[in-house]
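Please consider the following sequence and structure.

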Amino acid sequence: MTAISEGSTPAFREFYQLFAEKVYNTALSYAQHQQDAEEISQEVFLRIHKYAGNFKGQSSLNTWVYRITVNASLDFIKRRNKRSFGAWNQAAIETPDFVHPGVLLEKKEMAGAMYKAIETLPDSQKTAFILSFLEDLPRQEVAHIMDLSLKAVESLLQRAKQNLRKKLGNMYDQRVKSRQGKSN
Amino acid sequence: MEQDKDKWVEEAMSSLEGLERLSPPSHLLDEIEKEIGRRQPLSLRQRLLVAAAVAGLLLLNGWAVVGTNASQDPLAVEQSTDETASYLPNYQIYE
C-alpha cells in the first residue's frame, strides 16, 4: 500500500489483479447493471489509489477494500435513484429485470425475481445479504466490513431473508394473477 | 396452491447459489489508470510554468494597456496635428 501511495504503477496493477474480481462482482450485485458495475469499480480503485496512504492495517486489506466497495456502490445507487426520480420520461425509471450473465439458463427467471427482491431491501440488510450469500464471506468478516457485531449481522440476515420471502411471495401471486388474466 | 408458492419461493431463494463469478472487462484497468493520470495534482515544475505563463500574460496585457493610453494622450494628438500642419504648405501648389 505504501508503494501505491507513492505512485508505483506496478504495485497498483498487482493490487488491481488481486481485487478486481471481488470489487466488480460485489458492485454488480448492488447495481444489477454491468456498465454501472464498471463505473463503481472504477470509482473504488480511484479511491483506493487516493487513500492508499491512509491504510494503517487496523483491518485486513480485504475488509478495507470491501468497505470501500460497499460505500461506493451505495453512493452510486443513491445518485442513480436521484437521477431516475428527476427524469421526466418513464423509460428511465422502469429498468428491465437484471439477468446475471453467470446464472444458469434454467434458473434465469427465478434469479431475476430474486435480484428484484434484493433491490428492495434496506441498505444494511442488502449489504449483509450480498456479502454473506453472494460474496460468500464469513459472517465475522461481514461484521468487520459493516462495523457491526456478529449478532447484529445475523439479525440483519434473518430480517433480510424474511423480507425476501415476503417479496418473492408477492411476486408469485402477481404472476399467478397475470396468468389467470391472460387465460380468461 | 400454497405448496407451489412455497416451493417457488424457496427455489428463487436458492437460485443465486453457486453463481458464476464474472471477470471485469479488460479495458477497465486502462480506464482507471487514465483517470488517475487525469486527476493527479500538478508537479511543482508544472505549477511554476503555469505561474510564469500567467505572469507573462499579465505583463503583456499591462504593456498593451499603457501603450493604448499613451496613444490617446491629447498632447500626442496635438503633436501629430502639428506634424500634419508642417506639410500643409506643400499642398498649396495645387491652388
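Does Gln32(A) count as buried or exposed? In this predicted model, Gln32(A) has a relative accessibility of 10% and therefore counts as buried, since the cut-off for that class is under 20% relative accessible area. The residue belongs to the loop that joins helix 2 (9-31) to helix 3 (34-51) of chain A. Its backbone also deserves attention: Gln32(A) is not a glycine, yet its phi is positive, at about 55°. As background, most residues other than glycine have a negative phi.

Asp147(A) is located in the loop between helix 8 (139-146) and helix 9 (150-183) of chain A. With a relative accessibility of 67%, Asp147(A) counts as exposed, because that class begins over 50%. Thus Gln32(A) counts as buried, whereas Asp147(A) counts as exposed.

The loops may now be placed within the chain as a whole. Along the principal axes, the C-alpha atoms of chain A fill a box of roughly 70 × 40 × 35 Å. Chain A comprises 184 residues, of which 46% count as buried. Among the contacts in chain A with a separation of 6 or more, 65% are accounted for by residues 24 or more positions apart.

Two packed helices are described by the angle between their axes and the distance between the axes. Here, helix 6 (residues 108-119) of chain A and helix 1 (residues 2-13) of chain B have axes that come within 8 Å and cross at roughly 80°. Helix 6 of chain A is therefore roughly perpendicular to helix 1 of chain B. On the side of chain A, the contact is made by Met110(A), Ala113(A) and Met114(A) of helix 6. Helix 1 of chain B contributes Trp8(B), Glu11(B), Ala12(B) and Met13(B).

Key: Residues are numbered from 1 along each chain as its sequence is written. Chains are lettered from A and ligands numbered from 1 in the order in which they are written. This is a predicted model: local features need pLDDT of at least 70, side-chain atom pairs count only at pLDDT 80 or more; totals for chains, interfaces and linings use all residues. Side-chain values use heavy atoms; hydrogens and water are left out. Buried means under 20% relative accessible area, exposed over 50%, partly exposed in between (1.4 Å probe, protein chains only). Contact means heavy atoms within 4.5 Å. Axes are lines fitted to C-alpha atoms, for helices over the stretch in contact, and angles run from 0 to 180 degrees between N-to-C directions. Helices (H or I, at least four residues) and strands (E, at least two) are DSSP runs, numbered from the N terminus. Angles under 35 degrees count as roughly parallel, over 145 as roughly antiparallel, 65 to 115 as roughly perpendicular and the rest as oblique.
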